[in-house]
Amino acid sequence: MSSTARAFNERGDSVENPSSDDLHALLRGLTLSNRFLVVERLDAENDEYYMQAYLRDDGAYWLEYRDGSVDAHFRTSSRTLPVLAQIFTMWLYRLPGWRETLTWTAWPDESEA
């Protein structure tokens, strides 16, 4: 059976078809020397479908998702790891409501330029 998704972190750990438990463990493993987690959809029409978390110096996380093109790239921020894990899981399994959990802005945010 082919993979439909892949999760990987800065350290090089990679999980094919990650479960919710895998996502929780990978997110809990983020540190200042292992700052990001990316989950890619391998069953999408192009390689522009992914979600990623990045641990910032202040302990908060950037969370981004891209939905097929540069025009569908959004970012938010959270300090709550369980919320991030829930959003990653809902996104991965295409469950409704994950976008409503946090407030998303277009990426890059032109106001930061």
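Buried means under 20% relative accessible area, exposed means over 50%, and partly exposed lies in between, worked out with a 1.4 Å probe on protein chains only. This is a predicted model, where local features need pLDDT of at least 70, side-chain atom pairs count only at pLDDT 80 or more, and totals for chains, interfaces and linings use all residues. Residues are numbered from 1 along each chain as its sequence is written, and side-chain values use heavy atoms, with hydrogens and water left out.

**View 1. N46 sits in the loop between β3 and β4.** With 31% relative accessibility, N46 counts as partly exposed. Strands here are DSSP runs of E with at least two residues, helices are runs of H or I with at least four, and both are numbered from the N terminus. Look for G12 too: it lies 34 residues from N46 along the chain, and the C-alpha atoms of the two are separated by 23 Å.

**View 2. Here is how helix α1 (residues 20-28) packs with helix α2 (residues 81-92).** Their axes are 9 Å apart, at an angle of about 140°, and that makes α1 oblique to α2. The axes are lines fitted to C-alpha atoms, for helices over the stretch in contact, with angles running from 0 to 180 degrees between N-to-C directions. Oblique is what remains once angles under 35 degrees count as roughly parallel, over 145 as roughly antiparallel and 65 to 115 as roughly perpendicular. The crossing is right-handed, meaning that the near helix is turned clockwise from the far one by less than a right angle.

**View 3. Zoom in on the residues where α1 and α2 meet.** From α1 come S20, L23, H24, L27 and R28, and facing them in α2 are L81, L84, A85, F88, T89 and L92. The contact residues divide into 7 nonpolar, 3 polar and 1 charged. Nonpolar covers Ala, Val, Leu, Ile, Met, Phe, Trp, Tyr, Cys and Pro, charged covers Asp, Glu, Lys and Arg, and the others, Gly among them, are polar. Contact itself means heavy atoms within 4.5 Å.

**View 4. Helix α1 has a buried side made up of L23, L26 and L27.** Seen down the axis of α1, these fall within an arc of 100°, so they line one face of the helix; the arc is that of the directions from the axis to the C-beta atoms. Their cover includes β1 (5-9), β2 (14-16), β3 (36-41), β4 (49-55) and α2. On the other side of α1, D21 and R28 are exposed.

**View 5. N17 is in the loop between β2 and α1.** Its phi is near 50°, a positive value in a residue other than glycine.
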